[in-house]
Amino acid sequence: MPRFAANLSMLYTEWPLLQRPQAAAEDGFEGLEIQFPYAEPVAAWQDALAAAGRPLVLMNAPVAGRTPAEAAAAWAAGERGLAALPGREDEFRAGFDLACQYALALGVPRLHVLAGCLPPGAQRSELQPTYLANLRWAAERLRGSGLTLLIEPINLRDMPGYFLNRQDHGHEILDLLEAGGLQPEVAGRRLVQVQMDLYHCQVVEGDVSRKLERWLGSGRVGHLQIAAVPDRGEPDAGELHHPHLFRLIDALGWAGWVGAEYRPQAGTRAGLGWRHAAG
C-alpha cells in the first residue's frame, strides 16, 4: 500500500496549525505535507515535527511577496504563483529564497513552485520563456542542497487561467529544461520533477490509470496527490475508484509519497474510513 502524507493545509483544520502534525501522526499518517508553512517560524515547526515524529515531505514556495506576511496577503488577494510571469523575476527569487530557508531547516526534500495565472490577453507561448528561465534559475539554486524542484499541472476549474494544466505539458517542460542544458540528475537525484495530482489529472484529462502507467516509470514524477472528483472530498467517493488506483500504484513500483490533499466533508477524523481501509 502507498505511503500517505497528510496535507496540513487542508486536513486537521480543526486543530491549530502547529498541533496538526501530532494529530496526523496519531491517525497513522506516515508523512506530512503543507502548502504554505510561513505563518509560523522555523523553530516552532522544528519542535512540532520532532514531537510528532513524522517527516514533512513537501511544501510550496510562496505564491508572491518577499516576506511571510506579504506571501499570505498575496494568496488572499488571488495570486497563484510567479514562475511564469514576466517582469516579476526579482520577487519570484526572493520568495523562493524564503522557501529554501524553511525547506532546508525543516528537512523538506521537495519544493513545489507555482507557475501563476495568465494575465488578461496573454498566451501560454508568450509566458513559457519566463517560466523556463525561472525554473532553470531555481533548479541551479537547489543544486547540491538535496532538494528537488516540483512543478504541478492544475485544473482550470479550480484555478482559472493557470499556466500549467496537463501532464504532457509538465513533461514537455522537463524536456525543454534538459534540452537547454540543465543537468537532469545530481548524484542520482532529479533536480526537477512533476507533481502529479490525480484529482487535477482526472478533471483535466481523465484516463488516470493510463496516465499513471505512462509516467510513473519515467522517474520524472516526484510526488502524487489524491482527492475525490468532482468535489475534492475524501478519496472514497466520487468518480475515481481509489482502491484500484492504490493497487496500480503499488504494481507500478511507486516508492514515493501519496499526499492526501482533500477537503474533509464532515471533519477530518470522521472521514478517515478510506485511510483505515487502505491499511
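Which residues in helix 6 are buried? Keep in mind that this is a predicted model. Select helix 6, residues 167–179, and color Gln167, His169, Gly170, His171, Ile173, Leu174 and Leu177, which are the buried ones.

**Stop 1: around helix 6**

Now show what these buried residues pack against. Three helices take part: helix 5 (124–142), helix 7 (198–204) and helix 8 (208–215). Three strands do as well: strand 5 (148–151), strand 8 (192–197) and strand 9 (221–226).

Then step past the end of the helix to glycine 181, which follows helix 6 and has a positive phi, near 110 degrees.

**Stop 2: helix 2 and helix 4**

Two packed helices are described by the angle between their axes and the distance between the axes. Select helix 2 (residues 42–52) and helix 4 (residues 89–106): they pack at about 30 degrees, with axes 10 Å apart. An angle under 35 degrees counts as roughly parallel, so helix 2 is roughly parallel to helix 4. Their crossing is right-handed.

Show side chains where the two helices touch. From helix 2, Val42, Trp45, Gln46 and Leu49 meet Tyr102, Ala105 and Leu106 of helix 4. Six residues of this contact are nonpolar, one is polar and none is charged.

**Stop 3: helix 4 and helix 5**

On the helix 4 side of the contact, select Glu89, Phe92, Arg93, Phe96, Asp97 and Cys100. They meet Thr130, Asn134, Trp137, Ala138, Arg141 and Leu142 in helix 5. This contact divides into six nonpolar, two polar and four charged residues.

**Stop 4: arginine 93**

Is arginine 93 buried, exposed or partly exposed? Center the view on this residue of helix 4. Its relative accessibility is 33%, so arginine 93 counts as partly exposed; buried would need under 20% and exposed over 50%.

Arginine 93 and arginine 66 lie 27 residues apart in sequence, and their C-alpha atoms are 8.6 Å apart in space.

Terms used:
Residues numbered from 1 in each chain as written. Predicted model: local features only at pLDDT ≥ 70, side-chain atom pairs only at ≥ 80, totals over all residues. Heavy atoms only, no water. Helix = DSSP H or I, 4+ residues; strand = E, 2+ residues; numbered from the N terminus. Expected span 1.5 Å × (residues − 1). Buried < 20%, exposed > 50% of the residue type's maximum accessible area, 1.4 Å probe, protein only. Contact = heavy atoms within 4.5 Å. Axes fitted to C-alpha atoms, helices over the stretch in contact; angles between N-to-C directions. Parallel < 35°, antiparallel > 145°, perpendicular 65-115°, else oblique. Left-handed = near helix turned anticlockwise from the far one by under 90°. Nonpolar A, V, L, I, M, F, W, Y, C, P; charged D, E, K, R; others polar.
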